[in-house]
Amino acid sequence: MTSEVRHESRAKWTEIHKAHLVKLLGEYNTPAYRAQNGWTKEAWNKMVRDMITKFSNPSITTSQIKALEQELKKTYKLLKGFSELSGFGWDYERHIVSAPDDVWAPLLEVCT
C-alpha cells in the first residue's frame, strides 16, 4: 500500500492579494471568528472562499492563506520593531520605516 503525498505549490501573492487578506483578517477579528490561538476553522474557510471569489483562483487553499498570514505577521513585527527604535519612525506617505542617515549608518555598517 503506497501513501500519496499531496504536494501543494506555493502561491504567488501580489500586494493586492496581501492587502485584501489584511482587510479580511480585520473583518474576521471578532469574538465569533476567534479561537483561543487564532481564527476559527469557519473564519479560515470564509477567508479562502472570499480570496477564491475575489481573485478568480480556485486553487487557493487554507494552508496557503495561513502561510501568507504568517508572512504578513513576521513583516509587521519587523517593521514595528524598527519603527520603535530610537531615531526611527514610520513615513505614512511612502509606507516605509524612516530615519535620518546618521541613524541608518551604524546598522548598515554591521550588515555589510
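Buried means under 20% relative accessible area, exposed means over 50%, and partly exposed lies in between (1.4 Å probe, protein chains only). With that in hand, Trp104 is partly exposed, as its relative accessible area is 25%.

## About the model

This is a predicted model, in which local features need pLDDT of at least 70, side-chain atom pairs count only at pLDDT 80 or more, and totals for chains, interfaces and linings use all residues. Residues are numbered from 1 along each chain as its sequence is written, and side-chain values use heavy atoms, with hydrogens and water left out.

Two packed helices are described by the angle between their axes and the distance between the axes. Helices are DSSP runs (H or I, at least four residues) and so are strands (E, at least two), numbered from the N terminus. Axes are lines fitted to C-alpha atoms, for helices over the stretch in contact, and angles run from 0 to 180 degrees between N-to-C directions.

Helix 1 (residues 15-27) and helix 2 (residues 41-55) have axes that come within 11 Å and cross at roughly 145°. On the helix 1 side, Ile16, His17, His20, Leu21, Leu24 and Leu25 meet Met47, Asp50, Met51, Lys54 and Phe55 of helix 2, where contact means heavy atoms within 4.5 Å. Sorted by class, this contact of helix 1 with helix 2 has 7 nonpolar, 2 polar and 2 charged residues. Here Ala, Val, Leu, Ile, Met, Phe, Trp, Tyr, Cys and Pro count as nonpolar, Asp, Glu, Lys and Arg as charged, and the others, Gly among them, as polar.

## Helix 1 beside helix 3

The axes of helix 1 and helix 3 (residues 62-84) come within 11 Å and cross at roughly 90°. Helix 1 and helix 3 are therefore roughly perpendicular (65 to 115 degrees) to each other. Lys18, Leu21, Val22 and Leu25 of helix 1 meet Ile65, Leu68, Glu69, Glu71 and Leu72 of helix 3. By class, that contact of helix 1 with helix 3 has 6 nonpolar, no polar and 3 charged residues.

## Aromatic pairs

Rings of Phe, Tyr and Trp (its six-membered ring) pair if their centres lie within 6.5 Å; planes under 30 degrees apart count as stacked, over 60 as edge-to-face and the rest as tilted. The count comes to 5 aromatic pairs. Trp39 and Trp44 have ring centres 5.9 Å apart and planes at 65°, so the pair is edge-to-face. Trp39 is buried at 17% relative accessible area, and Trp44 is buried at 8%.

Phe88 and Trp104 also form an edge-to-face pair, 4.9 Å centre to centre with 85° between the planes. This pair links distant parts of the chain, 16 residues apart: Phe88 sits in the loop between helix 3 and strand 3 (89-91), and Trp104 in helix 4 (residues 101-111). Phe88 counts as buried, at 10% relative accessibility. Phe82, Phe88 and Trp104 form one aromatic cluster.

Definitions and conventions. Parallel < 35°, antiparallel > 145°, perpendicular 65-115°, else oblique.
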